[in-house]
Amino acid sequence: MTETTTGFSRRSLELDAASEVDRIVAFLQENVLRRLHRQGAVVGISGGIDSSVVLALCARAFGSQRVVGILLPEQESSPESAELAHLLAKRFDVQTMIEDITPALLGAGCYRRRDEAVQRVFPEFEPDWKSKITLPGNLLEEDRLNIFSLTVIKPDGSEQTQRLPLREYAQIVAASNFKQRARMAMLYYHAELRNYAVIGTPNKNERDMGFFVKYGDGGADINPIGHLFKSQVFQLARYLDVPIEIQQRPPTTDTYSAGSTQEEFFYRIPFEILDLVWLGYERDVPREEIAAALSLSEDQVGRVIADIERKRRATDYLRAHPINLDPAE
Amino acid sequence: MNSAEELLRKYIADNILFSGQGYPYADDTSFLENGIVDSMNVLELVMFVEQKFGIKVEDAEIVPDNFDSVARLAAFVRRKQELTAV
């Protein structure tokens, strides 16, 4: 392992998991119970690492009897997501409910509106094909801007990819976002029914780079892991004893009908590189030292930092609250 | 005939900045560093230059060297037009 003169190394992301968990548990108790006056927690669980860690934290903060885990599958969800979510709930003795949001999405025209746009790009697209959108990979080697491509996959596995025109990109994203917004609406139903709070699951990568849907998965009462890099969320998962199957699963979007990892959809590089470059950048560590810690060139570090900055600037809108003419005191 | 720079400045001022006072930056001001355009706007600019200047922009050409300022984008457009003309 390379360590630089400032002590910056791959270990710089390491947390004291026990004290961080205590800090988050106290934060949840103080804000949910005493500030928001809610008596428990509703968490949407997907079988992914973030919602699993949040569920485990809530069970510690409120007791498992005051936590409900809601599975929110739709017709394109991976069946593995539900299996893992059940495994998780069993591990932490938390009540679960399944709310299939497919009828709501059909009613809203989610799939139809999305597929209309896909068909304008690939006229031969059929309902039994799968689709996904991705950013250019290989961020370390190429300074490509964040322009999305559409990939369609035929039942025989053959793929076609094409750059998305603006209108089709916007329609695919807007239609797909019905999924996260339908989930948010259902979570608030269950929270209001019990006088519970909706606990958000975005981590720091998602919150700061804008990898969430405004008023979708970004809609919650409190974000207990919004300050943690993805690789730190994995550290808490190990400490909290989240099932190993969940810890080992590659993070996916579970939004597009063709499976898409978060790396290919949005981040463009592995988390272990992104998080460390980002941490070094936030701490004003010189680029040559970040590069040395990761065995990268300074140019590669510069490309990663530029991509972080661009995504943060480009997604200010997502983090903005409604603007009032005369803000309340 | 308007230069590529003039057409780009007007397009960005009217459709992206809504400035009401033309394009208020120097031609070499970085779009990305100054938040003048975001990634959706880059896609918009790709479509604008393809339609307006009759060029085809390849995916690998959508890089800051070509799309990060009025000056860079205008130079890119001229290079592509020359290649098309050959």
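1. In this predicted model, the centres of domain 1 of chain A and domain 2 of chain A, taken over C-alpha atoms, are separated by 24 Å. The domain assignment gives domain 1 of chain A as residues 13–107 + 171–319, written in two stretches, and domain 2 of chain A as residues 109–170.

2. Where these two domains meet, 26 residues from domain 1 of chain A and 24 residues from domain 2 of chain A take part in the contact. On the side that belongs to domain 1 of chain A, the elements that give two or more residues are helix H4 (102–108), helix H6 (166–194), helix H10 (262–267) and helix H13 (298–314) of chain A. Among these, H6(A) gives the most, with eight residues. Sorted by class, this side of domain 1 of chain A has 14 nonpolar, five polar and seven charged residues.

3. Helix H5 of chain A, which runs over residues 110–121, has 12 residues and reaches 18 Å from its first C-alpha to its last, a span close to the 16 Å expected at 1.5 Å a residue. Which residues of H5(A) are buried? They are Cys110(A), Tyr111(A), Arg114(A), Ala117(A) and Val118(A), and because they cover an arc of only 135 degrees around the axis, they lie on the same side of H5(A). As a general point, an α-helix has 3.6 residues a turn, so residues three or four places apart point the same way. The cover over the buried residues of H5(A) includes H4, strand S4 (130–134), strand S5 (149–153) and H6 of chain A.

4. Turning to the two chains, 14 residues of chain B are in contact with 12 residues of chain A. On the side of chain B that touches chain A, helix H2 (39–53) and helix H3 (64–67) of chain B are the elements that give two or more residues, and the largest share, six residues, comes from H2(B). By class, the residues on this side of chain B divide into nine nonpolar, two polar and three charged.

5. Within chain B, a residue to look at is Arg9(B), which lies in helix H1 (residues 4–17) of chain B. Why does Arg9(B) count as buried? The reason is that Arg9(B) has 20 C-beta neighbours inside 10 Å, and a residue is called buried if 20 or more other C-beta atoms lie within 10 Å of its own. Leaving aside residues up to four places away in sequence, Arg9(B) touches Gly22(B), Tyr23(B) and Val70(B).

Technical notes. Residues are numbered from 1 along each chain as its sequence is written. Chains are lettered from A and ligands numbered from 1 in the order in which they are written. This is a predicted model: local features need pLDDT of at least 70, side-chain atom pairs count only at pLDDT 80 or more; totals for chains, interfaces and linings use all residues. Domain bounds come from an automatic or database domain assignment. Two residues are in contact if their C-beta atoms, placed from the backbone, lie within 7 Å. Helices (H or I, at least four residues) and strands (E, at least two) are DSSP runs, numbered from the N terminus. Ala, Val, Leu, Ile, Met, Phe, Trp, Tyr, Cys and Pro count as nonpolar, Asp, Glu, Lys and Arg as charged, and the others, Gly among them, as polar. The expected span of a helix is 1.5 Å times one less than its number of residues. A residue is buried if 20 or more other C-beta atoms lie within 10 Å of its own, exposed if 12 or fewer, and partly exposed in between; C-beta atoms are placed from the backbone. The arc is that of the directions from the helix axis to the C-beta atoms.
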